[in-house]
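This report describes one protein chain, from its overall make-up to selected local features. Please consult the sequence and the structure shown below while reading.

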Amino acid sequence: MTALEDSSLPRRVFQQRALLTGLLYEPMRRLADACSRVWGDRPKMETALSEAFSNVPYCKFLYVLDTGGVQITSNISREGLLAEHFGRDRSDRPYVREALLAAEYSNKYREAQYQQWPYIREGVQAVDFLLCEAYISLHALRPSLTAVQFVRDTDGTLLGFIGADFALRDLPQAGEIYEEPRYPRRFEGDPFISDTADTKMRSESKMDRHLDTVLSVVEELILVHGVYHIILHFSSSQAILWVMDDPYRYRLLTIDELIDPNICLAYPKRPYPDEAVVPQQEVRKILSNLRTLRFMQGIFYLRSGSVNIFNGTVGLTFSSDCSHYISHDDFLKRDHTLWNNG
């Protein structure tokens, strides 16, 4: 199988990101040219952003940052200007950190700087353009992605950056589900199993350390990407899921895949099914309750949890090895402190 024929999850994510880079590079480059000509004049830069907004496909927000990652314009959105974001320090956000590192590399290794930019087609590089790694947004808590375009003056000096934010669910994505590998896959061991003491407290797993990200990714997969049944193994940091596009085979996800919102790009977008018993707005509530049960204090805590949106059932396996299957509405009504009493 050649690289282009490879339909594995990593390859599918790579293909989707390459597609997005090709779509976004030219409009972002033209916008950078427009902003460089009026740099430092906030009203004129905001006018340039507003005029270009419709030409940046699928964009949610456009804004300009200085070389330190501080925002020097309002956010531009479909609804207009959002002035409250002016002056916002984004330097701690992952996409800005990525851009600052790339800028530092360009300044330090000028003779090699062109080697870092990806090709969008033969002989054409996306120079000064970064499609940053996906992340979970601060407010909506959804997988998101930011494209960053460097802005330079006529001498090539870096003036700042243009940021374009996207919700992953708004972007064009794979038409078909990726193929699950047939070779054996190695997963992290269960820290609970490694200690046989009956009084052992919960050992922190890698999934525990990244659980908010994992649950946001899982919610997105259920609501937008056709996942209808998922089992989260909190102790051993892995998940098993079933998708409507391929209902007879489950897929295994490692913790490294679960904490990477980019994996949503590998799943086709599918409308939330009308036949689902679990309402869309309750998916996050169910996942939040699983989180609460996982972090219960003492020797009684959740080791794995599952949800099936079609039969409306939540499955629970606790550290005592007892298992429960309960309807989602009863699960949401029940006081989590009562689980300790069975």
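Among contacts in the chain between residues at least 6 apart in sequence, what percentage join residues at least 24 apart? The proportion is 59%. The model under discussion is predicted.

## Overall composition

The chain contains eight helices and 15 strands. It has 342 residues, of which 49% count as buried.

The accessible surface of the chain amounts to about 16,800 Å². Carbon and sulfur atoms account for 50% of that surface.

## Packing of helix 1 and helix 2

Two packed helices are described by the angle between their axes and the distance between the axes. For helix 1 and helix 2 (residues 42-52), the angle is about 160 degrees and the axes are 9 Å apart. Because angles over 145 degrees count as roughly antiparallel, helix 1 and helix 2 are roughly antiparallel to each other. Their crossing is right-handed.

Helix 1 contributes Leu31, Ala34 and Cys35 to the contact, where they meet Met45, Ala48, Leu49 and Ala52 of helix 2. The residues of this contact comprise seven nonpolar, no polar and no charged.

## Arginine 17 in helix 1

Helix 1 spans residues 9-37 and includes arginine 17. Is arginine 17 buried or exposed? Its relative accessible area is 14%, so arginine 17 is buried, the cut-off for this class being under 20%.

Leaving aside residues up to four places away in sequence, arginine 17 touches Leu131, Cys132, Glu133, Ala134, Leu145, Asn262 and Leu265.

## Two residues with positive phi

Most residues other than glycine have a negative phi. Tyrosine 58 has a positive value, with phi near 70 degrees. This tyrosine lies in the loop between helix 2 and strand 1 (61-66). With a relative accessible area of 37%, tyrosine 58 is partly exposed.

Aspartate 128 also has a positive phi, near 65 degrees. Where does aspartate 128 lie? Aspartate 128 is in the loop between strand 5 (124-125) and strand 6 (129-131). Aspartate 128 is buried, because its relative accessible area is 10% and the limit for buried residues is under 20%.

Definitions and conventions:
Residues are numbered from 1 along each chain as its sequence is written. This is a predicted model: local features need pLDDT of at least 70, side-chain atom pairs count only at pLDDT 80 or more; totals for chains, interfaces and linings use all residues. Side-chain values use heavy atoms; hydrogens and water are left out. Helices (H or I, at least four residues) and strands (E, at least two) are DSSP runs, numbered from the N terminus. Buried means under 20% relative accessible area, exposed over 50%, partly exposed in between (1.4 Å probe, protein chains only). Contact means heavy atoms within 4.5 Å. Axes are lines fitted to C-alpha atoms, for helices over the stretch in contact, and angles run from 0 to 180 degrees between N-to-C directions. Angles under 35 degrees count as roughly parallel, over 145 as roughly antiparallel, 65 to 115 as roughly perpendicular and the rest as oblique. A crossing is left-handed if the near helix is turned anticlockwise from the far one by less than a right angle, and right-handed if clockwise. Ala, Val, Leu, Ile, Met, Phe, Trp, Tyr, Cys and Pro count as nonpolar, Asp, Glu, Lys and Arg as charged, and the others, Gly among them, as polar. Accessible areas come from the Shrake-Rupley method with a 1.4 Å probe; for residues, only the protein chains shown count as cover.
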